[in-house]
Amino acid sequence: MDNRFEKTSKPARRGDKTSSSARRGDNTSNSVRRGDRTPNPIRGNNTSIPAHREDNISKPERTEESFSLPENASAELIVGRNPVIEALKAEKPIDTLYVNKDGGGSLSHIIDMAKRLDIVVKEVTAEKLNHMTGGASHQGVVAVGACAEYSSIDEILAIARLKGEDPFIIICDEIEDPHNLGAIIRTAESAGAHGIIIPKRRSASLNYTVFKTSAGAASWLPVARVANIPAALDELKQNGVWIYGTDASGEEYNKVNLKGPIGLVIGSEGFGMGRLVAKKCDFMLSLPMKGRITSLNASVAAGIFMYEVVRQRQA
């Protein structure tokens, strides 16, 4: 019998009115009911991912000094007001717009154009822009090009339908290291995932470091950039996708049924999943740890979970 867990019966799919299996919210022993789980401490050496973070605990913002550009940064920067305006008019792929917070004139128009195109705008100092451009005349604005265009959740779901496959989607909850995000995209594309979802804030984005680390996979795998991860999870659920979180309190990953429509949430480096994100998860997964180190790099853990999905789908 195809069980969602080895020791419990598989919950009925959303919309299945004839199934006699346990539905979400019934009293099953191993499933994680939405909203019931509270943050748990790491349980010694038997888990692989830190307990999820509390969203009401302030997380340090990246400082201006922490920003660094890829080695080939000159190829991705659009510098100056007129060049940026023309790039926005042409709807060129732009990842982030940096503007002088003390600037004026046409900068407000540029900011409005960027926001209409759903581009992230960050206000920085003139010194910051000088550093980014190597002292070039930037006129208070620099746009950083994206290595690929962003998709939408609907487009990712449509790809799965077109292939006749159950959706397999990776949700990155504030993965800030571009090397980690690039590695996750690379593995996800290789594992046959249909897309990636990332937040607009507190996350690496589709810059050239991500593109290089992904070995070009960012050109092939759709990435949706959303304002709110919990809301995105709700949208996936409305489309019949089960949400699997990765947390220290979870069931061992190879004891859970990972067939069917899946959204796999990977928490941030060192902080894990946010509290609100964790509450949206239908199930929690963990990795057994046998050594003294009780956590793995986010991209490494993501790869293990993804290829367990592949293994079970091919079984």
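Which residues of the largest nonpolar core touch the most other members? They are Ile 170, Ile 185 and Ile 196, in a core of 39 residues. A nonpolar core here is a set of buried Ala, Val, Leu, Ile, Met, Phe, Trp, Tyr and Cys residues joined through side-chain atoms within 4.5 Å. The elements that each supply at least two residues of this core are β5 (168-172), α5 (178-190), β6 (195-199), β8 (242-252), β9 (262-266), β10 (283-286) and α9 (298-314). Helix α9 gives the largest share, 7 residues.

The model is predicted, so local features need pLDDT of at least 70 and side-chain atom pairs count only at pLDDT 80 or more, while totals for chains, interfaces and linings use all residues. Residues are numbered from 1 along each chain as its sequence is written, and side-chain values use heavy atoms, with hydrogens and water left out.

The protein has 9 helices and 10 strands; these are DSSP runs numbered from the N terminus, with helices (H or I) of at least four residues and strands (E) of at least two. Of its 315 residues, 50% count as buried, where buried means under 20% relative accessible area, exposed over 50%, and partly exposed in between (1.4 Å probe, protein chains only). The accessible surface comes to about 15,000 Å², and carbon and sulfur atoms hold 48% of that surface. Such areas come from the Shrake-Rupley method with a 1.4 Å probe, and for residues only the protein chains shown count as cover. Among contacts with a separation of 6 or more, 78% join residues 24 or more positions apart; a contact means heavy atoms within 4.5 Å.

Leaving aside neighbours within four places in sequence, Ile 185 is in contact with Ile 196, Leu 206, Val 210, Ser 214, Ala 217, Ala 218, Leu 221 and Val 223.

Glu 174 lies in the loop between β5 and α5. Glu 174 counts as buried because its relative accessibility is 14%. The C-alpha atoms of Glu 174 and Phe 271 are 9.1 Å apart in space, although the two residues are 97 apart in sequence.

The second largest pocket has a volume of about 320 Å³. A pocket is found on a 1 Å grid over the protein atoms alone, as an open set of points with protein on both sides within 12 Å along at least five of seven lines, and its lining residues have an atom within 4 Å of a point. Grid points are joined across faces, edges and corners, and the volume is the space filled by probe spheres set on the points. There are 15 lining residues, and the closest to the centre are Ile 94, Leu 117, Asp 118, Ile 119 and Tyr 150. The lining divides into 7 nonpolar, 1 polar and 7 charged residues.

Asp 118 lies in the loop between α2 and β3 (120-124). Its relative accessibility is 46%, so Asp 118 counts as partly exposed. Phi of Asp 118 is near 65°, a positive value in a residue other than glycine. Most residues other than glycine have a negative phi. Arg 202 also has a positive phi, of about 50°, and lies in the loop between β6 and α6 (208-213). With a relative accessible area of 27%, Arg 202 is partly exposed.

Lys 115 is in helix α2 (residues 107-116). Lys 115 counts as exposed because its relative accessibility is 56%. Lys 115 and Leu 97 are 18 residues apart in sequence, with their C-alpha atoms 9.6 Å apart in space.

The last stop is a contacting pair, His 138 and Ala 126. His 138 is in the loop between α3 (126-133) and β4 (141-145), and counts as buried at 9% relative accessibility. Not counting residues up to four places away in sequence, His 138 touches Val 79, Gly 80, Arg 81, Ala 126, Leu 129, Asn 130 and Thr 133. Ala 126 is in helix α3 and is partly exposed, with a relative accessible area of 25%. Beyond four places in sequence, the contacts of Ala 126 are with Asn 100 and His 138. Ala 126 and Lys 101 are 25 residues apart in sequence and 8.0 Å apart in space, C-alpha to C-alpha.

How values were computed: 1 Å grid on protein atoms, 1.4 Å probe; cavity = no way out; pocket = protein on both sides within 12 Å on 5 of 7 lines; lining within 4 Å. Nonpolar A, V, L, I, M, F, W, Y, C, P; charged D, E, K, R; others polar.
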